[in-house]
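Dear colleague,

Please find below the sequence and structure that I am handing over to you. My account of what was found in the structure follows directly after.

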Amino acid sequence: MSQSKKTEFVPIAIGVLMLCFLMGLVGRFAFENFPNLVSPLGSEFQWPRGTVASIYSIGAVITGLTGPIVGILFDRYGPRTVYGIGILSAGLGLIFASYATNIWQFYMTISLLVGFSASCCGNVPNAAMASRWFRAQIPLALAIIYSSMGAGTLLGLSLSQIFIENYGWRQAELLLGFCVLSLLLVILFLPWRRITAGSTELSRPQIADVKKPEIEWTMSKAIRTWPFWGLASVFFFTGNGMFSVVIQAVTYLIEVGFTPIEASVNYGLSGLLIPVGMLGAGYLALKIGLFKTAMLSYVITIVAVVCIWLLDRSDHLIPLYGFIIFFGLSMGSRGPMIGSISSLLFHGRNFGTIYGGIAVGGGFGMASGSFFSGLIFDLTGSYDAVFTYSIVCLVVGASPFILIKEIRNQSW
């Protein structure tokens with residue numbers, strides 16, 4: 001039992017965590033500044049909300065669909081190639097978007113290039129990397145890595161809005177693109193052979209209290225199991241619930257009385273709490289189990305949706321702070337839980353590919369959530385239906401933790 005008490009957070013593993021955090025930040029920084037473009041693009045091109053939202057939605061589909069491809073690239077060519085492609089794709093996508101004049105050009109730049117970069121720098125390679133360095137403490141490790149979502153979202157939203165206010169949206173995208181490309185210098189000078197090798201402790205023969213894989217998992221074997229589809233559905237429905245709010249949040253805040261910069265900064269403030277929520281979720285998962293932590297996270301998210309729903313019905317301050325706090329604390333908190341359960345159920349040399357397949361659900365969830373959010377608003381002219389849709393999706397997203405035995409067993 002002494003092995004279980006030995007920390008896996010040794011200096012080199014912490015360095016790997018910092019690298020994964022930085023890559024995750026880049027992916028969110030490049031993609032999650034898009035809500036700031038909803039109003040400018042709608043005003044300049046006279047596009048309905050659904051059309052503007054479709055740029056983000058298709059990007060999310062690209063992120064999801066390319067998850068297995070990124071997993072295969074990671075398993076075959078390693079993290080240096082995957083991260084390098086991601087940074088290059090994000091930088092060029094943002095730069096080319098600054099010259100776009102037609103909807104298809106936004107699909108090619110933001111949707112395709114930036115969407116693909118979010119996959120290359122996101123959860124799939126980062127979870128696969130973490131699985132090489134952590135096992136018993138992987139819930140906390142993934143919570144740290146995935147908290148980069150908050151930092152990237154806050155930085156992307158705040159910086160892009162400052163650039164938009166001062167230089168216009170085109171110059172803003174151009175500047176953001178060059179910021180991302182500058183990180184290629186980081187990729188060039190890291191000790192990739194040691195980073196890729198993983199922990200020597202985890203490569204040693206397993207002791208009695210750590211289960212040895214009973215199956216040499218492959219994608220074809222994984223997709224024939226209920227846990228694979230259950231975890232993918234958690235990603236899908238939770239993504240619907242979250243991103244139906246994300247894509248509308250800045251514009252909604254403007255419509256209820258905030259200035260564009262106030263709306264962007266207030267929404268971005270929730271990003272400050274994402275690391276707190278993720279780290280708290282990782283700690284709670286080790287203490288009370290993944291199941292109770294997951295259920296608590298869904299309750300908190302639903303409370304956040306109710307708070308933003310109340311913004312146009314009461315005093316701004318209390319619902320606003322409630323939304324910022326609760327949405328920030330729960331945003332992305334299910335990601336480390338799904339990654340932890342996935343690594344326990346499917347760990348092995350093909351884990352990157354399998355987790356990429358599971359992550360497809362997240363991409364489609366982001367896409368359908370943002371698309372249907374815009375479509376529902378266009379059809380109803382009201383946010384009531386949008387927020388109702390979000391809450392229903394969140395309830396459905398929580399159900400696999402209860403209904404699928406293998407997921408439930410790994411969650412306690």
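By class, 15 nonpolar, 15 polar and two charged residues make up the lining of the largest cavity. Here Ala, Val, Leu, Ile, Met, Phe, Trp, Tyr, Cys and Pro count as nonpolar, Asp, Glu, Lys and Arg as charged, and the others, Gly among them, as polar. A cavity is a set of points, on a 1 Å grid over the protein atoms alone, where a 1.4 Å probe fits but cannot get out, and lining residues have an atom within 4 Å of a point.

Please note that this is a predicted model, in which local features need pLDDT of at least 70, side-chain atom pairs count only at pLDDT 80 or more, and totals for chains, interfaces and linings use all residues. Residues are numbered from 1 along each chain as its sequence is written, and side-chain values use heavy atoms, with hydrogens and water left out.

The structure contains three cavities of 30 Å³ or more. The largest cavity holds about 520 Å³ of space, a volume being the space filled by probe spheres set on grid points that are joined across faces, edges and corners. Of its 32 lining residues, Arg28, Asn123, Met149, Phe235 and Met366 are the closest to the centre. Helix H16 gives the largest share of this lining, six residues. Helices are DSSP runs (H or I, at least four residues), numbered from the N terminus.

Buried means under 20% relative accessible area, exposed over 50%, and partly exposed in between (1.4 Å probe, protein chains only). Leaving aside neighbours within four places in sequence, Phe323 is in contact (heavy atoms within 4.5 Å) with Val245, Tyr267, Ala304, Cys307, Ile308 and Gly328.

Leu394 is found in helix H22 (residues 384-398) and counts as buried because its relative accessibility is 0%. Not counting residues up to four places away in sequence, Leu394 touches, among others, Phe237, Thr238, Gly241 and Met242. Leu394 and Gly239 are 155 residues apart in sequence, yet 8.3 Å apart in space, C-alpha to C-alpha.

Turning to the aromatic rings, the count comes to 23 pairs. Rings of Phe, Tyr and Trp (its six-membered ring) pair if their centres lie within 6.5 Å; planes under 30 degrees apart count as stacked, over 60 as edge-to-face and the rest as tilted. Phe235 and Tyr355 form an edge-to-face pair, 6.3 Å centre to centre with 65 degrees between the planes. This pair links distant parts of the chain, with Phe235 in H16 and Tyr355 in helix H21 (residues 351-380), 120 residues apart. Phe235 counts as buried at 12% relative accessibility, as does Tyr355 at 0%. Ring pairs also link Tyr252, Trp309, Phe377, Tyr383 and Phe387 into a cluster.

One backbone feature remains. Most residues other than glycine have a negative phi. Gln46, although not a glycine, has a positive phi of about 60 degrees. Gln46 lies in the loop between helix H3 (38-45) and helix H4 (49-65) and counts as exposed, at 65% relative accessibility.

Yours sincerely

Definitions and conventions. On a 1 Å grid over the protein atoms alone, a cavity is a set of points where a 1.4 Å probe fits but cannot get out, and a pocket is an open set with protein on both sides within 12 Å along at least five of seven lines; lining residues have an atom within 4 Å of a point. Helices (H or I, at least four residues) and strands (E, at least two) are DSSP runs, numbered from the N terminus.
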